[in-house]
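This report walks through one structure, from salt bridges to sheet, helix and surface. Please keep the sequence and the 3D view open while reading.

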Amino acid sequence: MGWIRSQLTPEVVSPEKALPGRDLPVLHPMPVHVVLGRRLDEVPEGCEVAYFAMGCFWGVEKLFWNTDGVVNTAAGYMGGYTPNPTYRETCTGSTGHTETVRVVFDPRTVGYEDLLALFWENHDPTTLHRQGNDIGTQYRSAIFPVTDAQLDAARRSESDFQQRLADAGYGWITTEISSGQKFFYAELEHQQYLYKNPNGYCPVHATGVTCG
């Protein structure tokens with residue numbers, strides 16, 4: 001059975017009402033990943049980049065840095081209008097961004113489709129602009145493909161997972177799939193937050209539905 005994406009009325013702030021932001025990044029100079037040992041913006045030869053938003057980025061970043069084949073991660077903001085937003089600004093919902101994790105992966109070890117499976121299986125993509133008690137457009141579910149191949153794979157995986165969710169009694173996927181978005185690194189205290197704060201906030205909102 002084919003599925004048609006639901007037509008959702010967006011609640012994200014408009015470009016005209018978004019905060020003005022700033023010219024300089026909030027993360028400077030670029031630090032080293034405290035778990036993986038690379039500069040946060042490093043992409044080793046042969047590796048690729050992917051971006052996922054699944055609610056609070058602290059737990060999401062940990063999920064990916066613990067994945068075989070992932071060689072770098074960073075917490076940040078994506079999908080909005082305010083240049084170089086701060087965490088405090090993003091939390092107001094007035095930047096348009098959602099908390100996002102930048103994932104650098106080696107496709108010889110882990111494929112983009114494998115990362116998509118982790119994405120779908122480790123949050124609830126049917127809840128609009130929220131994950132559990134985290135409510136707001138800054139917690140919305142999103143995939144930000146950087147190539148046409150990633151875009152096609154994301155759309156295929158969405159269709160497949162929608163069927164599995166429906167079979168399990170869940171509703172429509174609300175995940176935003178949007179190309180051409182710019183990623184802004186979050187402040188240093190949010191990078192590898194759960195490594196620095198092992199007892200920190202790390203809710204799990206998985207539906208229990210798997211990709212296969």
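## Salt bridges

Arg38 and Glu42 join their side chains in a salt bridge, at 3.7 Å from N to O. The model is a predicted one. Arg38 has a relative accessible area of 27%, so it is partly exposed. Glu42 is partly exposed too, at 33%. Arg39 forms a salt bridge with Asp41; their closest N and O atoms lie 2.5 Å apart. Arg39 is partly exposed, with a relative accessible area of 42%. Asp41 is partly exposed at 27%.

The whole structure holds five salt bridges. One of them is between the side chains of Glu89 and Arg22, 2.7 Å from N to O. This pair ties together distant parts of the chain: Glu89 belongs to helix H2, Arg22 to the segment before S1, and 67 residues separate them. Glu89 has a relative accessible area of 17%, so it counts as buried, the cut-off being under 20%. Arg22, at 30%, is partly exposed.

## The sheet

Six strands make up an open sheet. Their order is S7-S6-S1-S3-S2-S8, and the pairing is mixed. Strand S7 (176–177) and strand S8 (184–185) are the edges; each pairs on one side only. Helix H3 (residues 112–121) packs on this sheet. H3 touches S1, strand S2 (70–78), strand S3 (98–105) and S6. The direction of H3 makes about 15 degrees with that of S1.

S1 pairs with strand S6 (residues 142–143) in the antiparallel sense, over two bridges. S1 also pairs with S3 in the antiparallel sense, over five bridges. Phe52 shows both links. Its bridge partner in S6 is Ile143, and in S3 Phe52 stands opposite Val101. How many of the six residues of S1 are buried? Five are, so S1 is largely enclosed by the rest of the structure.

## Helix H1 and Phe64

Helix H1 (residues 57–65) is mostly covered, with seven of its nine residues buried. The buried residues are Phe57, Trp58, Gly59, Val60, Glu61, Phe64 and Trp65. Which elements cover them? The cover includes S1, S2, helix H2 (87–91), S3, H3 and helix H5 (193–196). An α-helix has 3.6 residues a turn, so residues three or four places apart point the same way.

Phe64 sits in H1. Its relative accessibility is 0%, so Phe64 counts as buried. Leaving aside residues up to four places away in sequence, Phe64 touches Phe52, Met54, Val70, Thr73, Val101, Val103, Leu115 and Leu118. Val103 is 39 residues from Phe64 in sequence. In space, the two C-alpha atoms are 7.0 Å apart.

## A nonpolar surface patch

Val34, Val35 and Tyr195 make a nonpolar surface patch of about 260 Å². Val35 lies in the segment before strand S1 (48–53). Is Val35 buried or partly exposed? Val35 counts as partly exposed because its relative accessibility is 32%.

Definitions and conventions:
Residues are numbered from 1 along each chain as its sequence is written. This is a predicted model: local features need pLDDT of at least 70, side-chain atom pairs count only at pLDDT 80 or more; totals for chains, interfaces and linings use all residues. Side-chain values use heavy atoms; hydrogens and water are left out. Patches are made of residues with over 30% relative accessible area and no salt bridge: like charges are joined within 9 Å, nonpolar side chains (Val, Leu, Ile, Met, Phe, Trp, Tyr) within 5 Å. Accessible areas come from the Shrake-Rupley method with a 1.4 Å probe; for residues, only the protein chains shown count as cover. A salt bridge is a side-chain nitrogen of Lys or Arg within 4 Å of a carboxyl oxygen of Asp or Glu. Helices (H or I, at least four residues) and strands (E, at least two) are DSSP runs, numbered from the N terminus. Buried means under 20% relative accessible area, exposed over 50%, partly exposed in between (1.4 Å probe, protein chains only). Two strands pair if DSSP finds at least two bridges between them. Contact means heavy atoms within 4.5 Å. Axes are lines fitted to C-alpha atoms, for helices over the stretch in contact, and angles run from 0 to 180 degrees between N-to-C directions.
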